[in-house]
Amino acid sequence: MTKRHVTLPPAAKSGLQEFLTDVDERLSGPEDTCDVVAETLAGLYGDGDAYRRFLDGADVSPAERVRLQGYDPCNATLESEYYAEKDEKKFEESKHLQWLWRQFDATPMADNVDFALRFREMLADHLFAEAGENLRLFKGISMTYGHNITMGDNTVVHDDVHLDDRGELAIGDRVSIADDSHIYSHDHDLVDQTAIENFRTLIDDDARLGYDSMVRAGVRVGENAMVGAKAVLQRDVPAHHVAVGTPAKSVRVKPGWESVAEPVEDANADRREQRRIETDLPTGMKVFDEFGRDLTPPN
């Protein structure tokens, strides 16, 4: 089924473009990113005047202070901030942009689809390692860092999708990722869950992930492949294959592609080891085990 073309009224469209251009230019310029993010969020939440008075030293209540300070990503922490192996230099910038992404999604404007899609596409151009043209990024998308994501042209990511880029995540052109899907690039050791392995996970051109599907770290979804709703993908899916189930397996080739696709028999190879990313912790880093368990097996 084709889509309709929908546009905002001229006055709204003009105001949107002015706002997008302003934020885009400020994020590209010499200003401190924390300042740009904080002022943008304060304006979107209707707190611009109050935020400026707060910066000028006006008296505010403790609750107001917490609210106004919260617009500044330098006053916030994210779960991924605690990950020991992350690239600190890249994360310093991506954290601020990710805060803007997340807090924007909590504003009423996040439900104004035309406005929100264009805002997130602009922001992805600053946040992702590579962001293609004509992206359609819907509400509630979460990510680990953002700076380890590459995404091609004309790709659609629907509501409440998790893009785990603790390792690396490469998403191609014209990919469709349905609501509530989860794509991972890190894995935990079976015995010691604090031991992390990072991988490169690939979703090739024209692939499609169905509703609530899960792609394990280091897996490749081939070109034009389809992963069914609620499928849990543990191994590669060859190009043009349809994979369903838990664990997901290839059950057929898309009609018309039989002559160029691998046979379904013996498909779904495990090539995760080829995509492992070796990481080393900085020398002298103080680390902690949040569980504090004794993992010594019994005699």
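Does Asp 236 count as buried or exposed, and at what relative accessibility? At 4% relative accessibility, Asp 236 counts as buried, where buried means under 20% relative accessible area, exposed means over 50%, and partly exposed lies in between (1.4 Å probe, protein chains only). Keep these words in mind for the views below.

This is a predicted model, in which local features need pLDDT of at least 70 and side-chain atom pairs count only at pLDDT 80 or more, while totals for chains, interfaces and linings use all residues. Residues are numbered from 1 along each chain as its sequence is written, and side-chain values use heavy atoms, with hydrogens and water left out.

**View 1. The whole chain has six helices and 19 strands.** Helices (H or I, at least four residues) and strands (E, at least two) are DSSP runs, numbered from the N terminus. Along its principal axes, the C-alpha trace spans about 70 × 65 × 30 Å. The chain has 299 residues, and 42% of them count as buried. Its accessible surface comes to about 16,600 Å², with 48% of that belonging to carbon and sulfur atoms; such areas come from the Shrake-Rupley method with a 1.4 Å probe, and for residues only the protein chains shown count as cover. Contact means heavy atoms within 4.5 Å. Among contacts with a separation of 6 or more, 37% are between residues 24 or more positions apart.

**View 2. Helix H2 packs against helix H5.** Here you can look at H2 (residues 33–44) and H5 (residues 88–104), whose axes are 9 Å apart and meet at an angle of about 5°. Axes are lines fitted to C-alpha atoms, for helices over the stretch in contact, and angles run from 0 to 180 degrees between N-to-C directions. H2 and H5 are therefore roughly parallel to each other; angles under 35 degrees count as roughly parallel, over 145 as roughly antiparallel, 65 to 115 as roughly perpendicular and the rest as oblique. On the H2 side, the contact is made by Thr 33, Cys 34, Val 37, Thr 40, Leu 41 and Leu 44. H5 brings Glu 93, His 96, Leu 97, Trp 99, Leu 100, Gln 103 and Phe 104. Sorted by type, the residues of this contact are eight nonpolar, four polar and one charged. For this sorting, Ala, Val, Leu, Ile, Met, Phe, Trp, Tyr, Cys and Pro count as nonpolar, Asp, Glu, Lys and Arg as charged, and the others, Gly among them, as polar.

**View 3. Asp 206 forms a salt bridge with Arg 174.** A salt bridge is a side-chain nitrogen of Lys or Arg within 4 Å of a carboxyl oxygen of Asp or Glu, and by this rule the count comes to 19. In this pair, the closest N and O atoms are 2.7 Å apart. Asp 206 sits in the loop between strand S11 (196–203) and strand S12 (208–209), and Arg 174 in the loop between strand S7 (168–171) and strand S8 (176–177), 32 residues apart. Asp 206 counts as partly exposed at 25% relative accessibility, and Arg 174 counts as partly exposed at 42%.

**View 4. Arg 220 forms a salt bridge with Asp 204.** Their closest N and O atoms are 2.8 Å apart. Arg 220 lies in strand S14 (residues 220–221) and Asp 204 in the loop between S11 and S12, so the pair ties together parts that are 16 residues apart in sequence. Arg 220 is partly exposed at 34% relative accessibility, whereas Asp 204 is buried at 16%.

**View 5. Arg 271 forms a salt bridge with Asp 236.** We are back at the residue from the opening question. The closest N and O atoms of this pair are 3.2 Å apart. Arg 271 is in the loop between strand S18 (249–253) and strand S19 (276–277), while Asp 236 is in the loop between strand S16 (232–233) and strand S17 (241–244), 35 residues apart. Arg 271 is partly exposed, with a relative accessible area of 33%.

**View 6. Arg 272 lies in the loop between S18 and S19.** With a relative accessible area of 9%, Arg 272 is buried. Leaving aside neighbours within four places in sequence, Arg 272 is in contact with Asp 187, Phe 199, Arg 216, Ala 217, Gly 218, Val 219 and Gln 234.
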